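This report looks at how parts of one protein chain are arranged. Keep the sequence and the model in view while reading.

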Amino acid sequence: MAGHSKWANIKRQKARVDAVKGKVFAKLSREIIVAAKHGGGDPDGNFQLRTAIDKAKAAGVPNDNIDRAIAKGTGKLGSDGDLESIRYEGYGPGGVAVLVEALTDNRNRTAADLRAAFSKNGGNLGETGCVGWMFDQKGVVVVKGELEEDALLEAAIEGGAESYELTEVDEDTPGAEVLCPPSDLENLSIYLKGESYTVKDIEVRWVPSNTVDVTDIDQAKSLLKMMDALEDLEDVQSVTANFDVSEKILLALL
């Protein structure tokens, strides 16, 4: 939608004005721990770990922190408890659908923290399945730089992608998000790199099947405040919602 921002774009714009929070390091370290625990500590043979390490390095996480996280995941340096991945679902102001992915060693603590963050900001934590049907899990390869769209389309199809969307990946830097089934993410990223595309990010993301256009500035403000509160929770790894706001409203709020 021209002139509108989806949540993935909103997060990028927010990141430009938000202070860098130490919790980011903790979240990325947990991601590395879980990846190493399930797939081993060798990045060459563990795509999930390799992706988590790349993301951590891009965020400025020191190599020592990365090495410690791998050691924890493989049991060589104690552990952070038995971390498990849990998906929570809920509603934001105006009935916006929200998916939260968490890594936790205490389900009761995480659920209580999430319930409080939702309710204090005009939303509510729902039952499992209440909004999950509105989202599809996709592999996303973010490429940056000036792109020739016909060539990108051909490369995306050859690499196993389902779709792509041109976007701004950094301030004043054009690019695209290329989407595929999660199981094809590694092959797609390798193919695009082989075609000389600059890959900025590789991730598995929940993508809404439909979006709600938020036109009221007060509702948009409440939604962004709620999303911030959820993302600030220690156990939360990612938050996704199905709302769009106009660039004009977003700039006014940021």
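In which hand does α2 pass α4 where they cross, left or right? The crossing of α2 over α4 is right-handed. The model is a predicted one.

## Two helices in contact

Two packed helices are described by the angle between their axes and the distance between the axes. Helix α2 covers residues 23-39 and helix α4 covers residues 63-73. Their axes come within 7 Å and cross at roughly 40 degrees. Angles under 35 degrees count as roughly parallel, and 65 to 115 as roughly perpendicular. The two helices α2 and α4 are therefore oblique to each other.

On the α2 side, the residues in this contact are F25, S29, I32, I33, A36 and K37. On the α4 side they are N65, I66, A69, I70, K72 and G73. Sorted by class, the contact of α2 with α4 holds seven nonpolar, three polar and two charged residues.

Strands of a sheet pair through backbone hydrogen bonds, either parallel or antiparallel. Here, four strands form an open sheet in the order β6-β7-β5-β8, and the pairing is antiparallel. The edge strands are β6 (163-170) and β8, each of which pairs on one side only. From one strand to the next, the twist averages 30 degrees.

How many bridges join β6 to β7? There are seven, and the two strands run antiparallel. Strand β7 (residues 173-180) also pairs with strand β5 (residues 135-144), in the antiparallel sense, over six bridges.

## Two residues with positive phi

The strands β6 and β7 form a hairpin with two residues between them. In this hairpin, D172 takes a positive phi near 65 degrees.

Where does S196 lie? S196 is in the loop between α7 (185-194) and β8 (198-208). S196 has a positive phi of about 70 degrees, although it is not a glycine. Is S196 buried or exposed? Its relative accessible area is 66%, and a residue counts as exposed over 50%. S196 is therefore exposed.

Conventions
Residues numbered from 1 in each chain as written. Predicted model: local features only at pLDDT ≥ 70, side-chain atom pairs only at ≥ 80, totals over all residues. Heavy atoms only, no water. Buried < 20%, exposed > 50% of the residue type's maximum accessible area, 1.4 Å probe, protein only. Axes fitted to C-alpha atoms, helices over the stretch in contact; angles between N-to-C directions. Parallel < 35°, antiparallel > 145°, perpendicular 65-115°, else oblique. Left-handed = near helix turned anticlockwise from the far one by under 90°. Contact = heavy atoms within 4.5 Å. Nonpolar A, V, L, I, M, F, W, Y, C, P; charged D, E, K, R; others polar. Pairing = 2+ DSSP bridges.
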